[in-house]
Amino acid sequence: MAGIKTIIGLSFVLAIGFLLVILSAALFHNYLTLLVVATYVIAPLPNWICGRASNQDDFMESSGNGVIDFGRFLTGFFVVMGIALPTLLWHSEQIAGGAAAMSIIGGLTIYSTIISFTLFFHEDQDF
């Protein structure tokens, strides 16, 4: 069971991630790096939606579950896009290298905090 110290610590790390992304835009006077925030906020949604849409009453593990796999694929796509977008913008000289690095580090911090929140506060369902 996660306590108040866990919530405060994860919130602090999340704030640092958002601060890095905002500073990457403000310090270099180019606000294209804020697109990373959208990708990392949207990233857990397909996993959550497809997890809810899957059939939880299925007793056979060997049948496979394409809905959950599709949700994981889309989540992975958004996470990779959060890394690739600043890299692409830096390569096309739309943003500076420092802004791209701060955006990537901040975005990965945001996404890892979201994953940590879901791991610490995951409720097990009992029958």
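P46, N47, C50 and A53 in helix α3 meet V67, I68, F70, G71, R72, L74, T75 and F78 in helix α4, where contact means heavy atoms within 4.5 Å. The model is predicted, so local features need pLDDT of at least 70 and side-chain atom pairs count only at pLDDT 80 or more, while totals for chains, interfaces and linings use all residues. Residues are numbered from 1 along each chain as its sequence is written, and side-chain values use heavy atoms, with hydrogens and water left out.

Two packed helices are described by the angle and the distance between their axes. Helix α3 covers residues 44-53 and helix α4 residues 66-91; their axes come within 8 Å and cross at roughly 175°. That makes α3 roughly antiparallel to α4, a label for angles over 145 degrees. Axes here are lines fitted to C-alpha atoms over the stretch in contact, and angles run from 0 to 180 degrees between N-to-C directions. Helices are DSSP runs (H or I, at least four residues), numbered from the N terminus.

Helix α4 also holds A84. A84 is partly exposed, with a relative accessible area of 36%; partly exposed lies between buried (under 20%) and exposed (over 50%), using a 1.4 Å probe and protein chains only. A84 and V36 are 48 residues apart in sequence, and their C-alpha atoms are 9.5 Å apart in space.

I4 lies in helix α1 and is exposed, at 59% relative accessible area. Together with I7, I8, F120 and F121, I4 makes a nonpolar surface patch of about 480 Å². Helix α1 (residues 4-26) gives the largest share of the patch, three residues. Accessible areas come from the Shrake-Rupley method with a 1.4 Å probe.

How values were computed:
Patch = residues over 30% accessible without salt bridge, like charges linked within 9 Å, V, L, I, M, F, W, Y side chains within 5 Å. Salt bridge = Lys/Arg side-chain N within 4 Å of Asp/Glu carboxyl O. Helix = DSSP H or I, 4+ residues; strand = E, 2+ residues; numbered from the N terminus. Parallel < 35°, antiparallel > 145°, perpendicular 65-115°, else oblique.
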